[in-house]
Amino acid sequence: MRGQVLPEAALVCNFPRGLMEHREVQTFFHEFGHLVHDILGGDQEWVEFSGVATEWDFVEAPSQMLEEWVWDAEVLASFATDESGTPIPADLVARMREADAFGRALLVRMQLGHARVSYHLHMDRPADIAAASDHWYEVSSPVGKLEGTHSYAAFGHLTEYGSCYYTYQWSLVIARDLLTGFAGLMDPASATRYRREILEPGGRRDAADLVEAFLGRPFTVDAYREFLGEPSS
Ligand SMILES: [Zn+2]
């Protein structure tokens, strides 16, 4: 599922009517992350640097960071209810977090497979796309492919992101580190600083400099490593 930011700053998504699944709310927050980045970063002297016109290594960081808010019981309790209006219970959110962390490293291996396929199909331009794709998935993940399938044919980002699918994982490295700069998910001072240092500059400064200004240090992979090995309790 993907959203598209329009010049009028509307977010167009293919969500169902009525209640939404948690995964859909997560997607909504992700796309909303792009939207606020585009709006708040939109006031630049040069349109080239306006809004989400940052490096592609970074463009998925604000959106993936905002996903964290749908895994917080306190945040969810403020708006997420069932049909009777009862907020989602905190212990259910805790169990959902546990389930989400289960097999996370395996999911990342699959994402690295996508990133390799995206990179190598564009760089190597192999004659046999199917064989090349199979190879890069095989060396990335222990999960074997289903015979007779051609996953690259349904890999939408293969054309939209070109060889840069890796940005999802690299941006996630940055997104996890950005979260360490928040005193709390609903802390107004942290949010204001994030807005000033990360979102409002748009593409006016290098993303690494924006992140360093917000964190007070260059970003590292430590938070991402921790995220991969998050204990299931
Ligand atoms: Zn995105």
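User: Hi! Where does Val221 lie?
Analyst: Hello! In this predicted model, Val221 sits in the loop that runs between helix 10 and helix 11 (222–228).

User: And how exposed is Val221?
Analyst: Val221 is partly exposed, because its relative accessible area is 30% and that label covers values between 20% and 50%.

User: What separation do the C-alpha atoms of Val221 and Glu21 have?
Analyst: Those two C-alpha atoms are 31 Å apart, and the residues are 200 positions from each other along the chain.

User: Okay, new topic: the zinc ion. Which protein donors does it have?
Analyst: The donors are His30 and His34, each through NE2, and Glu60 through OE. They lie 2.0 to 2.1 Å from the zinc ion.

User: How are those donor residues spaced in sequence?
Analyst: The pattern reads H-x3-H-x25-E.

User: What separates His30 and His34 within helix 1?
Analyst: About one helical turn, because the two histidines are 4 residues apart in helix 1 (residues 22–40).

User: Are His30 and His34 buried or exposed?
Analyst: Both His30 and His34 are buried.

User: Which helix holds Asp209?
Analyst: Asp209 is part of helix 10, which spans residues 207–215.

How values were computed
Residues numbered from 1 in each chain as written. Predicted model: local features only at pLDDT ≥ 70, side-chain atom pairs only at ≥ 80, totals over all residues. Heavy atoms only, no water. Donors = N, O, S within 2.8 Å, 3.2 Å for Na, K, Ca; no water. Buried < 20%, exposed > 50% of the residue type's maximum accessible area, 1.4 Å probe, protein only.
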